[in-house]
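Visitor: I would like to learn how to read a helix and its surroundings in a model like this one. Could you take me through it step by step?

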Protein chains: 2
Amino acid sequence: MAPVSTTGPVREGSRRRYEERRDAVIDAAARVFASKGYDATTIDDLVEATGLQRGGLYHYIGGKKDLLIAIHERFLTPLLEQARAIEAEDLEPEPALRALAYALMDNIHRYRDQVTVFFHEWRTIEGDERWSDIRRERREFEQIISNVLERGRAAGRFRFADRRIALLGFLGMINYAPQWYEPDGRVSHAEIAEQFCDIFLRGIAVD
Amino acid sequence: MAPVSTTGPVREGSRRRYEERRDAVIDAAARVFASKGYDATTIDDLVEATGLQRGGLYHYIGGKKDLLIAIHERFLTPLLEQARAIEAEDLEPEPALRALAYALMDNIHRYRDQVTVFFHEWRTIEGDERWSDIRRERREFEQIISNVLERGRAAGRFRFADRRIALLGFLGMINYAPQWYEPDGRVSHAEIAEQFCDIFLRGIAVD
């Protein structure tokens with residue numbers, strides 16, 4: 001009879017269950033923050049939304065501010081992974097920018113509550129010691145897009161007066177979407193990303 | 001000796017002073033809300049920021065929710081007036097869109113705190129009876145831009161897959177600016193509006 005392993009697989013499974021439970025807690029909290037506002041949300045609201053007791057909440061997350069940081073990681077980590085993968089593919093500048101726009105719009109589609117909460121409340125964690133990590137990750141994402149713009153410019157394919165302003169215009173088109181985007185709306189998130197890219201890419205194309 | 005008038009001019013002057021004082025109160029409140037968050041701001045914070053007593057605060061504004069509505073009027077009223085004036089000029093579609101972009105970016109430059117507070121907190125007043133007025137005004141502003149897009153399309157000058165998505169892309173470029181715009185930054189608000197329009201107008205231009 002094979003000995004029962006008490007190491008790898010079991011620990012792995014229990015760690016996965018822990019992380020799934022933690023993600024579910026983060027998502028439930030993001031829903032409450034998004035509808036009620038961060039400051040107006042009490043620990044009791046979070047207890048009710050997550051189905052955990054206070055002790056359990058602290059076990060998974062810690063305090064309200066830790067939740068806000070976890071909410072940000074919840075959408076930024078997969079977004080950054082996607083962006084790094086797109087960068088590694090070394091596509092031509094136009095399809096690279098389209099892939100990044102799609103990834104960002106898909107991220108908003110999947111994590112609308114989380115993104116909304118973060119855009120409304122980032123000033124709350126601006127002074128936190130973990131803010132520098134968040135800022136570094138956000139900058140890395142922006143830098144990946146900025147590099148694509150620069151590659152296109154260097155190759156004589158893109159033109160713009162100022163790369164930073166072009167980047168912020170591109171980001172703004174998509175990052176404003178949480179204000180109006182409805183998952184069941186007339187136009188899908190993929191089509192929205194495509195139409196924004198059609199406009200933006202023609203707007204910076206060298207004829 | 002000419003009789004001292006106790007009607008028109010005096011009342012007019014006192015009304016103007018009242019409105020100036022009220023605007024100053026609204027702006028001071030917007031600064032506090034923008035830096036501290038709406039929910040976290042107490043009546044005591046507002047008393048301190050405005051230099052008024054509680055009674056004076058109620059006299060000028062009413063409660064916190066009334067302040068939020070007044071903050072919105074503070075930037076939307078002049079913006080809508082400018083947009084209506086631009087519409088009345090009956091410009092060609094390209095300069096009309098540029099003028100609207102400039103007006104919106106100038107509004108963000110002038111009323112950055114007010115705009116920031118509104119974008120963060122509009123859900124707070126979504127259920128208020130005055131919300132329908134606010135929504136009607138916002139829609140009128142969007143409709144003025146949408147009409148320019150449609151005029152350009154009808155004249156064979158603009159092309160886009162979906163007018164609503166094009167409108168939201170245009171608004172997004174500019175309305176995302178409160179997240180990053182610095183009044184003393186490297187690029188002025190007028191230049192930002194110009195560069196966004198360069199990209200957007202080329203992006204929808206019929207060759």
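Visitor: Which residues of α7(A) are buried?

Guide: A residue is called buried if 20 or more other C-beta atoms, placed from the backbone, lie within 10 Å of its own, and in α7(A) the buried residues are A:F141, A:I145, A:V148, A:L149 and A:G152. This is a predicted model, in which local features need pLDDT of at least 70 and side-chain atom pairs count only at pLDDT 80 or more, while totals for chains, interfaces and linings use all residues. Residues are numbered from 1 along each chain as its sequence is written, and chains are lettered from A and ligands numbered from 1 in the order in which they are written.

Visitor: Why do residues three or four places apart point the same way in an α-helix?

Guide: An α-helix has 3.6 residues a turn, so residues with that spacing face the same way.

Visitor: What covers the buried residues of α7(A)?

Guide: Helices (DSSP runs of H or I, at least four residues) are numbered from the N terminus, and the cover includes α4 (64–89), α5 (93–110) and α8 of chain A.

Visitor: How far does helix α7 of chain A reach?

Guide: The expected span is 1.5 Å times one less than the number of residues; helix α7 (residues 131–154) of chain A, with 24 residues, reaches 33 Å from its first C-alpha to its last, close to the 34 Å expected. Just after α7(A), A:G156 takes a positive phi of about 75°.

Visitor: How many residues of chain A are in contact with chain B?

Guide: Two residues are in contact if their C-beta atoms, placed from the backbone, lie within 7 Å, and 29 residues of chain A are in contact with 28 residues of chain B. To the side of chain A that touches chain B, α9(A) gives the most, with nine residues.

Technical notes: Helices (H or I, at least four residues) and strands (E, at least two) are DSSP runs, numbered from the N terminus. A residue is buried if 20 or more other C-beta atoms lie within 10 Å of its own, exposed if 12 or fewer, and partly exposed in between; C-beta atoms are placed from the backbone.
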